[in-house]
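Subject: Structure for you to look at

Hello,

Here is the structure I promised to pass on. Please open it beside this email and follow along.

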Amino acid sequence: MTPAGALAGIGRPVLAALASLGRIAIYAAQTITHLVRPPFYPREFLTALMQVGWLSLPVVGLTALFTGGALALQIYAGGQRFSAEAVVPQIVAIGMVRELGPVLVGLMIAARVTSSIAAEIATMKVTEQIDALVTLSTNPMKYLTVPRVLAGFLCVPLLVAIGDIIGIMGGFAVGTGQLGFNRASYIQNTVNFLEGSDIITSLIKGAVFGFIATVIGCLYGMQSGRGAQGVGAATKNAVATAAILILAANFILTSVMFGQ
Amino acid sequence: MIALQGVHKSFGPNRVLRGVDLTIAKGTSMVIIGGSGTGKSVLLKCILGLVRHDAGTITLDGQDVSRVERDPFLARFGMLFQGGALFDSLKVWENVAFRLMRGAGRLPQDQARQIAIEKLRRVGLTPAVADLFPAELSGGMQKRVGLARAIAAEPEIIFFDEPTTGLDPIMAGVINDLIREIVVEMGVTAMTITHDMTSVRAIADSVAMLHQGVIQWTGPIGALDATPDPYVQQFIHGRADGPIAAVR
């Protein structure tokens with residue numbers, strides 16, 4: 001391979017990734033501008049709230065519960081190496097609230113909600129329902145995207161808060177049931193150690209991840225190719241992109257909020 | 001009147017429309033025929049602005065459609081999509097009344113529902129269908145619901161995209177008759193794209209044949225059989241041999 005060919009081989013995917021990021025940024029900006037301009041579709045928003053929020057509770061709760069429990073076991077086992085087993089409540093709390101709660105909920109939303117939105121809108125595109133909306137003087141951005149993104153932006157912080165609490169409860173259950181911690185002191189240590197800023201950053205992360213997950217689902221659905229293959233590709237790419245962007249956003253937010 | 005002049009549309013290297021010139025007079029029913037993949041649906045979507053044409057002009061009553069205000073422009077149209085394009089998440093009556101319940105002239109829900117049921121009755125469906133979801137209907141019923149939705153707001157112009165595709169001959173005949181009745185009764189301008197010759201004869205006042213991105217032939221329905229145009233003759237008789245390549 002010639003040096004020019006090698007350079008082109010690197011440049012092409014980089015340019016494609018940048019173009020993709022540009023499309024996402026433009027679509028996100030368009031969504032934000034449509035959020036504040038009528039018409040609004042309250043019924044679609046309520047349906048989206050149900051889909052994104054309420055129906056995600058079981059998967060979020062179970063994920064947080066098992067992760068909190070596993071985290072307590074890991075911290076206990078690791079802490080024994082330098083006689084620091086006693087910090088289990090504090091580390092579970094800070095680990096869940098600052099990091100694992102928002103990230104795991106974000107990834108679960110990407111898996112459950114982004115995929116569902118992308119598949120639904122892609123199917124609507126393939127079956128000409130999006131064209132039908134336009135011919136019926138209805139802007140698909142306002143009717144399909146805005147309600148879902150608003151629901152994601154508002155619901156995911158709540159899901160993160162619930163996930164944080166359940167995760168800490170998972171750690172509490174393992175800590176007191178299996179590792180011999182005193183119940184009252186476990187709760188006291190958790191409450192004393194957490195600060196208001198920890199909770200606020202957790203909720204901010206949730207809002208950002210909810211926005212990313214829903215915007216990506218809508219965008220990839222709208223850009224879907226033809227047929228079943230197009231719907232499948234849109235769904236797969238939406239989930240992968242949302243997951244990567246959520247992890248990247250988590251790093252950036254953590255750097256900004258906790259970086260030294 | 002809808003007028004197209006030199007309309008071009010390409011998708012990458014694929015030049016679908018290569019200079020379409022066509023006029024559809026007000027209150028008439030024009031049927032566009034042509035083989036699969038010749039750009040009939042693209043032509044229709046260009047008129048509606050669902051696809052932006054690359055060159056040429058499309059006017060409606062003398063106004064360039066690419067420069068008009070979208071909502072009032074689209075309010076003049078009704079469209080029956082090939083697969084019905086009914087919204088899965090809405091009940092049948094909500095699909096039919098979709099436009100009636102939105103926009104500047106939105107109607108109260110009860111009134112919109114009544115109109116939807118009336119339109120469903122007009123296309124031969126009972127009020128019991130109104131509260132079903134599209135997935136609970138047969139293909140023919142979905143087409144009829146799509147037709148009811150297209151006429152619900154009493155548009156001036158109705159587009160029919162392959163209205164009989166996928167239907168059995170009896171149901172296709174029912175749909176053809178309904179379209180003809182509605183077009184005459186409402187006095188609308190209709191544009192239908194199809195390759196079903198039974199539909200053409202049932203629906204058309206005039207016919208245009210699209211081939212290789214241009215209008216190959218156009219004329220009144222009465223002149224269709226008599227035209228010496230070899231492309232039209234091959235198409236209407238369904239012959240494999242002729243100027244249109246069977247394998248495209």
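**What I found**

In chain B, B:Thr59 stands opposite B:Asp64 of strand S5(B). Keep in mind that this is a predicted model.

That residue pair belongs to a wider pattern. Strand S4 of chain B covers residues 55-60, and it pairs with S5(B) in the antiparallel sense over 2 bridges. Both strands sit in an open sheet of 4 strands. The order is S2-S1-S4-S5 (chain B), and the pairing is antiparallel. Strands S2 (14-24) and S5 (63-64) of chain B are at the edges. Each has a single partner strand, so one side of each has no neighbour in the sheet. As background, strands of a sheet pair through backbone hydrogen bonds, either parallel or antiparallel.

Helix H1 of chain B, residues 40-48, lies across strands S1 (2-11), S2 and S4 of chain B. H1(B) runs at about 115° to S1(B).

Next, turn to chain A. Take helix H4 (residues 88-126) and helix H7 (residues 183-193) of chain A. Their axes come within 8 Å and cross at roughly 45°. That angle makes H4(A) oblique to H7(A). The crossing of H4(A) past H7(A) is right-handed.

Which residues make the contact? From H4(A), they are A:Val88, A:Pro89, A:Gln90, A:Val92, A:Ala93 and A:Ile94. From H7(A), they are A:Tyr186, A:Asn189, A:Thr190 and A:Phe193. By class, the contact of H4(A) with H7(A) has 7 nonpolar residues, 3 polar and no charged ones.

Best wishes

Methods: Residues numbered from 1 in each chain as written. Chains lettered and ligands numbered in written order. Predicted model: local features only at pLDDT ≥ 70, side-chain atom pairs only at ≥ 80, totals over all residues. Heavy atoms only, no water. Pairing = 2+ DSSP bridges. Contact = heavy atoms within 4.5 Å. Axes fitted to C-alpha atoms, helices over the stretch in contact; angles between N-to-C directions. Parallel < 35°, antiparallel > 145°, perpendicular 65-115°, else oblique. Left-handed = near helix turned anticlockwise from the far one by under 90°. Nonpolar A, V, L, I, M, F, W, Y, C, P; charged D, E, K, R; others polar.
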